[in-house]
Every structure is written in structure tokens, then in C-alpha cells.
Amino acid sequence: MFTLTTPSRITVLGAGLMGRLLALSLARQGHQVEVFDAHGPSGDGAAAPVAAAMLAPLAESAVTEPNVVRMGQHSLERWPALLQDLRTPVYFQRNGTLIVWHRQDGADAQRLSGLFDKNYHLNTSLPRPEQLDAQRLGEVEPALQGRFQAGILLPGEGQLDNRQLLPALMAELQALGVALHWHTPKELADFTPGQPGQPDLVLDCRGLGAQTAWPQLRGVRGEVIRVHAPEVTLQRPTRLIHPRYSLYIAPKENHVFVIGATEIESSDAGPASLRSTMELLSALYTVHSGFAEARILELNTGLRPTLPDNLPALRWVGERVLQVNGLYRHGFMIAPTMHDIALQVLKGGHSALAAQMQVPVLHG
């Protein structure tokens with residue numbers, strides 16, 4: 001496989017989260033990079049702008065594989081360094097994740113607590129969950145004082161603001177002179193890397209846009225609502241145990257909140273349904289009555305690129321095309337790990353981190 005031993009011409013397909021992260025690192029290494037995207041600079045069509053950008057490996061340990069949890073832990077420690085190198089500040093915090101529930105959902109909460117304890121003992125590098133009574137819950141999250149009788153705090157988990165990160169990455173690419181081709185869809189067949197006048201390497205980070213070249217990909221739908229709620233102050237992402245789905249509330253700066261359900265097994269990219277919108281907003285109101293006066297800023301849907309096993313992978317297509325895909329609904333949580341693995345593969349032909357995290361490097 002092709003390795004980057006000398007300054008090279010690199011074409012990146014897709015300017016979502018993975019495409020921007022890799023293009024930036026490669027440009028900083030002195031390579032000549034150009035990026036093609038089928039949509040515009042705001043990231044329309046990518047999964048990244050719709051996400052809540054929560055970095056919560058312990059919370060996800062209840063529903064995902066241990067290697068994804070380890071990837072989340074690695075990425076949580078990598079994000080500060082990646083953000084520090086940006087000229088534009090990006091909101092980032094590590095105040096933990098709070099989980100709450102209503103009395104009728106106590107049995108589900110007990111089951112979830114048991115899963116967290118089990119996973120903690122299987123992976124002691126995870127933070128120990130803290131069981132909260134009503135008094136302690138009010139101390140941890142004063143805005144919810146008196147509203148719930150118990151909760152679980154998952155310490156050390158974090159989040160960032162994806163709507164700040166994407167333009168910050170684009171600004172860095174522009175400052176480095178990276179050629180950005182917007183509204184310019186490309187297929188792998190459009191390139192013959194290694195030939196005269198062609199790039200030395202093609203990196204395919206198109207997410208679902210790569211289905212023509214990686215047909216095993218499918219979309220998993222996410223629905224989010226962004227609201228402005230001046231009467232509500234939450235200090236950390238909060239998850240509400242719900243009988244139908246996992247509801248999350250991610251507070252951003254200036255009393256903006258992202259509310260969503262983490263997973264809907266559907267490739268329908270159409271607008272949100274009335275039923276799901278009403279359910280999300282009704283559940284939101286039960287967390288804090290101050291959301292009643294919130295203003296809806298946005299109601300959006302997105303499809304997360306997912307492989308059959310719901311796990312990410314890298315794949316060589318020939319000697320000079322490397323695909324990075326399948327981040328599923330864990331995009332921001334594991335993107336730095338996938339970024340580091342891809343750079344190791346491109347530099348030396350293999351990746352010790354990929355082996356550690358059990359991320360396959362396929363040959364298609």
C-alpha cells in the first residue's frame with residue numbers, strides 16, 4: 001500500500017468531520033491537499049452538523065462494543081490537543097454526563113446502573129459511576145433540584161460544539177491554502193492516483209456518499225431539535241431514561257440546547273415526523289418546565305454512515321485509495337481515534353492503534 005514518505009498530492013473526498021480532520025493534519029505535514037465535497041461549506045449532507053457532539057464513552061458502554069468504548073476514551077483525551085491547535089476557539093467541556101429518570105422508569109434505571117457497574121469492572125480505566133440521591137442530584141445539577149429523586153453521574157465525560165468546530169476546521173484549511181471544491185461530487189472512478197496529473201493518494205471520507213464504492217454502508221437516522229431556553233441552565237449533557245428511546249439534552253453556550261434520540265434504524269432522510277417531534281418535546285418538558293418557553297431554532301434529521309456490524313473500518317481500494325467510514329452514531333466520540341489510525345496507516349503501512357482498538361484495515 002502507498003505510504004507518505006515524501007510530500008505528496010492528496011485528494012480528500014468528503015468535507016465532513018473525518019475529511020476535515022484528516023485534510024488539516026495532512027496539510028500541516030506539508031502535503032498538497034485538495035478537498036472535494038458534494039455540498040457546501042456548512043456541511044449540508046454530512047452527519048456532523050446534525051450531531052450533538054457528545055463525548056460519552058461510559059454512557060455508550062451500555063449499548064455498544066468495548067472497543068468503541070476504548071476508542072471513545074482515547075478520543076476524549078485527544079480532543080483538547082486537536083482543538084488547541086485551532087485559531088478559532090471551540091466550546092469544549094468535560095463536566096460528565098447526568099442520567100435521570102421518572103419514578104415509573106425506575107426498573108430500567110436499575111438495569112442500566114447494573115450495566116455501568118459491570119462495564120466499569122471490565123474496564124477499570126473508565127470512571128466509576130456515582131449514584132445520586134435527590135440531595136446530591138441537586139448539588140450536582142442545581143437546575144434539576146427537586147425534580148428527580150435519583151440520578152447517575154458519569155464523571156469526566158464531555159462534549160463540544162460541532163457547529164463551531166466545522167467552520168473552525170475550514171478556516172484552518174483555507175489558511176493553509178488547501179483547495180476546497182464545494183458542490184463538486186466526485187466518485188473514485190474519477191481518479192487514477194499515481195498517474196501523471198493525478199493525485200498520489202485519494203482519501204475517501206464521504207460517509208453515505210461512498211455507498212457506490214462501499215455498498216455495505218447504510219444510513220441510521222438521527223433526529224435533533226435545537227432550542228434556545230433562557231430559563232434553563234444545565235451544566236452537562238443530560239440523558240433521560242425513556243421507555244421508547246434514549247433521549248439526550250446537550251447544553252451548548254448561551255442557553256442553546258440540542259435534544260435528540262440517539263438512534264432510529266431507518267435510512268429515511270426526510271423531515272422529522274409530527275409524532276417523534278411531539279414525543280421529544282414532551283419528554284424535554286418533563287425534565288425542566290423552563291423548556292416550555294424555549295424557542296425552537298431548528299428541527300433537523302441526518303443519516304449516520306453505518307457498516308453491517310455497526311463498527312468503523314478503514315479499507316484500501318487498490319494501492320492508493322484509502323476509505324475511512326462507518327463511524328455510525330459515534331462520530332465525534334471516536335473521530336480522533338480514526339484520525340490517528342488513518343495517519344499511522346498512511347505513514348507506515350500499519351497501525352498499532354488499530355490493533356489495540358480492534359479497528360479493521362481491510363483490502364477491497
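The model is predicted. Helix 8 is largely enclosed by the rest of the structure. Asn 162 is buried too. A search of the whole structure finds one cavity of 30 Å³ or more.

**Helix 8**

- Helix 8 covers residues 331-348, which makes 18 residues.
- From its first C-alpha to its last, helix 8 reaches 25 Å. That is close to the 26 Å expected at 1.5 Å a residue.
- Of its 18 residues, 15 are buried, so helix 8 is largely enclosed by the rest of the structure.
- Gly 349 follows helix 8. The phi of Gly 349 is positive, near 85°.

**Asn 162**

- Asn 162 sits in helix 6, which spans residues 162-175.
- Its relative accessibility is 0%, so Asn 162 counts as buried.
- The Asn 162 side chain reaches the backbone oxygen of Ala 48 at 2.8 Å.
- Leaving aside residues up to four places away in sequence, Asn 162 touches several residues, including Pro 49, Val 50, Ala 51, Arg 226 and Phe 332.

**The largest cavity**

- The volume of the largest cavity is about 60 Å³.
- Its lining includes Ala 47, Val 50, Ala 51, Glu 223, Tyr 248 and Arg 304.
- Strand 11 (218-228) and strand 15 (295-306) each supply at least two lining residues.
- Strand 11 gives the largest share of the lining, with three residues.
- By class, the lining has six nonpolar, two polar and two charged residues.
- Val 50 and Ala 51 line the largest cavity, and Asn 162 touches both of these residues.

Key
Residues are numbered from 1 along each chain as its sequence is written. This is a predicted model: local features need pLDDT of at least 70, side-chain atom pairs count only at pLDDT 80 or more; totals for chains, interfaces and linings use all residues. Side-chain values use heavy atoms; hydrogens and water are left out. Helices (H or I, at least four residues) and strands (E, at least two) are DSSP runs, numbered from the N terminus. The expected span of a helix is 1.5 Å times one less than its number of residues. Buried means under 20% relative accessible area, exposed over 50%, partly exposed in between (1.4 Å probe, protein chains only). A polar contact is a pair of N or O atoms within 3.5 Å; within protein, one must be able to donate a hydrogen and the other to accept it, and residues adjacent in sequence count only if both atoms are side-chain atoms. Contact means heavy atoms within 4.5 Å. On a 1 Å grid over the protein atoms alone, a cavity is a set of points where a 1.4 Å probe fits but cannot get out, and a pocket is an open set with protein on both sides within 12 Å along at least five of seven lines; lining residues have an atom within 4 Å of a point. Grid points are joined across faces, edges and corners, and a volume is the space filled by probe spheres set on the points. Ala, Val, Leu, Ile, Met, Phe, Trp, Tyr, Cys and Pro count as nonpolar, Asp, Glu, Lys and Arg as charged, and the others, Gly among them, as polar.
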